[in-house]
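Open the model in your viewer and get ready to select residues.

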Amino acid sequence: MLEAAFIFIAGGADPKKDRSTVVTPTVRLTAIGVSTYAQGVEAAKEMADAGCKAIELCGGFGIRGAYLVEQAVWGKAKVGVVRFDGHPGLENKSGDELF
């Protein structure tokens, strides 16, 4: 079974409580809400240390944010990114402008 995570940025999100897991016959996906890049890095490290092999980041993570997460889990998990030029949930800005 593939262990995967989706990490999204949302104002006021608390990664300790704003999370949910869906289990299908082939994938166990944990969605985690964070409010900063630093929290995203910590959530990704937690998931990678627990055996997660695929981490997808929401479009709120800009290039810099995705780089920080990728470096934090290098060699443990692959990181993918949903892309927006400006994220509609972040006032049409990139997380790089905000975090």
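Start with α1 and α2, which run roughly parallel to each other, because angles under 35 degrees count as roughly parallel. This is a predicted model, where local features need pLDDT of at least 70, side-chain atom pairs count only at pLDDT 80 or more, and totals for chains, interfaces and linings use all residues. Residues are numbered from 1 along each chain as its sequence is written, and side-chain values use heavy atoms, leaving out hydrogens and water.

**Stop 1: the helix pair.** Select residues 37-49 for α1 and 63-72 for α2. Helices here are DSSP runs of H or I, at least four residues, and strands are runs of E, at least two. The two helices pack at about 30°, with axes 9 Å apart.

**Stop 2: where they meet.** From α1, show Tyr37, Gly40, Val41, Ala44 and Lys45; they meet Arg64, Gly65, Leu68, Val69 and Ala72 of α2. Contact means heavy atoms within 4.5 Å.

**Stop 3: inside α2.** Which residues of α2 are buried? They are Gly65, Ala66 and Val69. Buried means under 20% relative accessible area, exposed over 50%, partly exposed in between (1.4 Å probe, protein chains only). Among the elements covering these buried residues are α1, β4 (54-57), β5 (78-81) and α3.

**Stop 4: Phe99.** Find Phe99 in the segment after α3 (95-98). Phe99 counts as partly exposed, at 31% relative accessibility. Leaving out residues up to four places away in sequence, Phe99 touches Ile9, Ser35, Thr36, Tyr37, Arg64 and Leu90. Now pick Arg64: its C-alpha atom is 9.3 Å from that of Phe99, though they are 35 residues apart along the chain.

Methods. Axes fitted to C-alpha atoms, helices over the stretch in contact; angles between N-to-C directions. Parallel < 35°, antiparallel > 145°, perpendicular 65-115°, else oblique.
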